[in-house]
Amino acid sequence: MCPACKKPMLILELDGVEVDHCPACLGAWFDAGELEALLSSDENGAIASLTSAMQTAERLGKSRDRQCPRCRRKLEARRVRDADVTLDTCPRGDGLWLDHGELAALVRAFASTSGAATGFLGTLFERELRDRAEGDNS
Ligand SMILES: [Zn+2]
Ligand SMILES: [Zn+2]
């Protein structure tokens, strides 16, 4: 179930990684390690900088009534200042939630140090999400 709007989520597969995607609000849930796995084709250190940015992200406290789709605990909002993005993370470490556009913003923020692979991934992901959303717009 989508943490943001409580609608059922679809599973998208990208490069062998399954991502839960909400067709209603276009957010995406990544289980722990999935985002890193998706970015692992990039050899230029993007994952290291992204991971450390997420680890050092400022804790904003419990999120606006959002629950982890795995354990139902309230998600914690975290601010990644470099990317100007607020992530919602599970306090138990199940994974993280990105609202629509936040993945693209993260990828963009780290693209200067991460090279083409991550930029390509961002483009691909946005296109996938758009295709699914259009098919569902009745
Ligand atoms: Zn949603
Ligand atoms: Zn959880």
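Select helix 2 to begin: this helix supplies the largest share of the lining of the largest pocket, three residues. Helices (H or I, at least four residues) and strands (E, at least two) are DSSP runs numbered from the N terminus. The model is predicted, so local features need pLDDT of at least 70 and side-chain atom pairs pLDDT 80 or more, while totals for chains, interfaces and linings use all residues. Residues are numbered from 1 along each chain as its sequence is written, and ligands from 1 in the order in which they are written.

Next, display the pocket, which holds about 310 Å³ of space. A pocket here is an open set of points on a 1 Å grid over the protein atoms alone, where a 1.4 Å probe fits, with protein on both sides within 12 Å along at least five of seven lines; lining residues have an atom within 4 Å of a point. Select Glu36, Met54, Thr89, Gly95 and Leu96, the closest to its centre of the 19 lining residues.

Now move to the zinc ion (ligand 2), coordinated by Cys68 (SG), Cys71 (SG), Cys90 (SG) and Asp94 (OD) at 1.8 to 2.3 Å. Donors are N, O and S atoms within 2.8 Å of the metal (3.2 Å for Na, K and Ca). The angles subtended by the four donor atoms are 103 to 114°, which makes the arrangement tetrahedral (all angles between 85 and 135 degrees).

Finally, select Cys71 and Asp94. Cys71 is buried at 17% relative accessible area, and Asp94 is buried at 14%; buried means under 20% with a 1.4 Å probe, protein chains only.

Technical notes
Side-chain values use heavy atoms; hydrogens and water are left out. Four donors count as tetrahedral if all angles lie between 85 and 135 degrees; four count as square planar and six as octahedral if opposite donors are over 155 degrees apart and all others between 65 and 115; anything else is irregular. Buried means under 20% relative accessible area, exposed over 50%, partly exposed in between (1.4 Å probe, protein chains only). Grid points are joined across faces, edges and corners, and a volume is the space filled by probe spheres set on the points.
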